Amino acid sequence: MPGTPPTRFVYLGPEGTFAEQALNSIPAAERGSRTPARSVPEALESVRAGEADAALVPLENSIGGAVGVTLDELAEGEPLVITREVILPVEFVLAARPGTALPHVRSVAAHPQASTQCRGWLRAHLPDAVVVDVLSNGAAAAGAAAGEYDAAICAPIGAGRHRLAVLADKIADHPDAVTRFALVSRPGPPPPPTGDDVTSLAVYIAHDRVGALLSVLMELAVRGVNMSRIESRPTGEALGRYVFFLDCAGHVADVRLGEALQGLRRVCADVRFLGSYPRQRFPGAGDRPIPAPAGLSDTDYADAAAWLARLRAGDLT
């Protein structure tokens with residue numbers, strides 16, 4: 001039923017990864033069931049099929065950029081909506097079986113993205129170790145626990161789950177790196193506006209119209225809607241055909257964003273609404289909500305609408 005809190009959660013597995021760590025930060029997930037999925041498409045399909053109420057999947061990383069498979073899945077198939085975002089600091093650790101000393105580490109299991117983000121630390125502290133690519137951070141921890149590798153680069157939750165000793169923590173070359181996850185559900189009423197929200201869209205431009213992308217941006221700009229992210233992905237139809245993913249400040253219930261959505265509907269080939277949800281602020285980000293420009297607040301829109309209604313009724317006072 002719309003508005004019913006989710007109780008069955010699925011997340012990008014396996015266990016012991018950053019996705020599970022992010023899911024654990026959602027209070028409702030602590031009380032519900034949590035099932036790992038083998039891939040992003042599998043996680044989202046379980047929601048579409050009604051086998052789960054919500055899926056937590058990675059959306060973008062501050063170092064690696066957008067997660068293309070997630071964007072593609074949201075743009076295609078039966079509609080799904082984002083109801084929450086979780087921004088998680090990416091803190092890698094080097095973990096090994098208890099009793100292992102750092103000088104004795106000769107092989108390190110790591111997901112390729114993890115080893116890339118820890119390249120500087122590995123070069124400085126384990127220059128002679130062989131780094132072995134594995135499918136996930138969880139698989140790296142499991143391999144080290146089984147004795148297949150001397151150590152693993154993994155998430156702190158993975159080290160704890162497999163009872164590994166942490167030989168070094170915070171080994172990433174970029175200590176401020178974060179991953180943004182999206183909690184995705186079947187369509188329903190969005191969470192109520194908080195005054196600091198994000199609206200995500202997938203926009204298909206009209207390719208036979210000159211300045212089509214500029215028209216999209218103007219619909220937002222003239223209403224003072226701040227766009228925090230734009231990402232293009234090929235549609236698969238033909239070379240040069242793209243869908244644009246936008247993150248906009250505001251909520252679908254806001255008047256100015258509502259008018260912008262109507263404008264996009266008029267000028268675009270198609271617009272898929274991907275959800276309005278609270279923005280997660282985290283320590284050290286340093287950013288705050290940007291106030292509406294003069295004349296573009298919801299109060300200003302309401303006043304202008306009332307004035308127009310009086311004119312149409314013949315009231316010029």
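Reader: Which side chain does glutamate 85 join in a polar contact?
Author: Arginine 180, at 2.8 Å. A polar contact is a pair of N or O atoms within 3.5 Å; within protein, one must be able to donate a hydrogen and the other to accept it, and residues adjacent in sequence count only if both atoms are side-chain atoms. This is a predicted model: local features need pLDDT of at least 70, side-chain atom pairs count only at pLDDT 80 or more, and totals for chains, interfaces and linings use all residues. Residues are numbered from 1 along each chain as its sequence is written, and side-chain values use heavy atoms, with hydrogens and water left out.

Reader: Is glutamate 85 buried or exposed?
Author: Buried, because its relative accessibility is 6%. Buried means under 20% relative accessible area, exposed over 50%, partly exposed in between (1.4 Å probe, protein chains only).

Reader: What lies 2.7 Å from a polar atom of its side chain?
Author: The backbone nitrogen of glutamine 280.

Reader: Switching to H3. Which residues are buried there?
Author: Val40, Ala43, Leu44, Ser46, Val47 and Arg48, in a helix spanning residues 40-48. Helices (H or I, at least four residues) and strands (E, at least two) are DSSP runs, numbered from the N terminus.

Reader: What happens at the start of H3?
Author: A side-chain oxygen of serine 39 comes within 3.2 Å of the backbone nitrogen of glutamate 42.

Reader: And just after H3?
Author: Glycine 50 has a positive phi of about 80 degrees.

Reader: Last one. Where is tryptophan 307?
Author: In helix H11, residues 298-312. Tryptophan 307 is partly exposed, because its relative accessibility is 48%.
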